[in-house]
Amino acid sequence: MTNKNAFKEGQFILDTLESNGFEAYYVGGSVRDYCMGKSVGDIDITTNALPKQIEALFKHTIDVGIEHGTIVVVINKTPYEVTTYRTETTYSDFRRPDSVEFTTSLKEDLARRDFTMNAIAMDKHFKLYDPYDGQSAIEDKEIITVGNPDERFNEDALRMLRALRFMSQLQFDLNEDSYNAIKKLVSNVQHISVERIVQELKKLYKGINIEASKRLLIESDMYKYIPFFNRVGKDDLKKSVVHTLNNEIIIQLLFNDSVSFKNELKLSNEDKKYINTSIQLYDDLKNKLETVIVAYKYDTMLLKNMLKILSDNSALNINMEDDLLEAIQKKESLTIQSKKDFAVNGNDLMNSLNKRGGPWLKELLDEIERQILFETLPNDFDAIIEWVHNEYH
Ligand code: ATP
Ligand code: MG
């Protein structure tokens, strides 16, 4: 959604909070993206209302972390994170503040945020409150920590990975002091949970300047503190092409070592399934499966993603691109898109042949499917039944 329109529903939240005597502002990525003239994603709101007070004002809320001051307010099925102004006290494990303290000062809330570009607040009239000059950073395309980078990265190691993710996502440069701080403190990345690492890596590999982030990932030795990447090593990582599509990560290397990739990075079942299907498609292409069958077995998104992987990567692409293109073209004109489109079903066949179900039924259905796809048999009830009686006893 572009710009101002994206904030329409959020405005209801600001209005409600303000008419009950509280302050409320948009904050974080949505304000940053708005300032950059980019389309705006998730909208975060910051307020001096306490979590219980937020909950009391809205019909549909979800408590996602009341102790951290965050309540999700749902408006027309869209979730908005509403967070109470807070400051963070000391960090002793490099990843979570020992305690969270609420504050009544917006400026203090902005001070605990990671980068100046993410520490801009905006009111409902689109007026900006920008005490750390995030707007200049956005203009200069620079990632600058709010306050001293050594301290800020030392408090929370995830911020180092976030810096790399924003380099790729926004095509921004990393400020020199922040860069030096990362070099010094990079080993703290080992304390971050792998789930949170993967969350940031996905955004990194979805970005537009993957190369720059990858260079820094290697140059700063950060890869040494990330599961799987540490074993892959510098040279392979340099050569690797990673694609993130549909929020899934696929790494070229997974074709060699997909089991450890999935396990060491603790990928979700959804991610695992996506990777498995991609590998299956790759193998089918390698084994020269007929393009009609390829078109039938896989959805268009997956086929197109594979095309991107192959065209970016000559080592993987062993004359498969033409077949893949053909499959994508055939997708539209297939006689059936799935078994559901069959003019007959298993019951029809059992009744017609007067036979009970069994392994034969699946075999027969598979054969009919093949014939229909290759158009040697029309997808027509009478024609199929006739064929079955003639060919199958
Ligand atoms: P995106 O566009 O991907 O949503 P974002 O900047 O909104 O990027 P989020 O992870 O949604 O990133 O976080 C929302 C805001 O919370 C950030 O903009 C930043 O102000 C703050 N924030 C998030 N993570 C941290 C962190 N580790 N340390 C300090 N502030 C953080
Ligand atoms: Mg966000």
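## The pocket of ligand 1

In this predicted model, ligand 1 sits in the largest pocket. A pocket is an open set of points on a 1 Å grid over the protein atoms alone, with protein on both sides within 12 Å along at least five of seven lines. A molecule sits in a pocket if more than half of its atoms lie within 2 Å of its grid points.

Helix 2 (29-35) and helix 7 (158-170) are the elements that give two or more residues to the shell around ligand 1. Helix 7 provides the largest share, five residues. Helices are DSSP runs (H or I, at least four residues), numbered from the N terminus.

## Residues around the ligand

Of the 15 residues around ligand 1, those that come nearest are R32, D156, R159, R162 and R165; a residue is near if one of its heavy atoms lies within 4 Å. The shell has ten charged residues, four polar and one nonpolar, where Asp, Glu, Lys and Arg count as charged.

## Polar contacts

A polar contact is a pair of N or O atoms within 3.5 Å. A polar side-chain atom of R159 is 2.7 Å from a nitrogen atom of ligand 1, and a side-chain N or O atom of R162 lies 2.9 Å from an oxygen atom of the ligand.

## Basis of the values

Local features need pLDDT of at least 70, and side-chain atom pairs count only at pLDDT 80 or more. Residues are numbered from 1 along each chain, and side-chain values use heavy atoms.

Conventions: Chains lettered and ligands numbered in written order. Polar contact = N/O pair within 3.5 Å; in protein donor to acceptor, adjacent residues only side chain to side chain. 1 Å grid on protein atoms, 1.4 Å probe; cavity = no way out; pocket = protein on both sides within 12 Å on 5 of 7 lines; lining within 4 Å.
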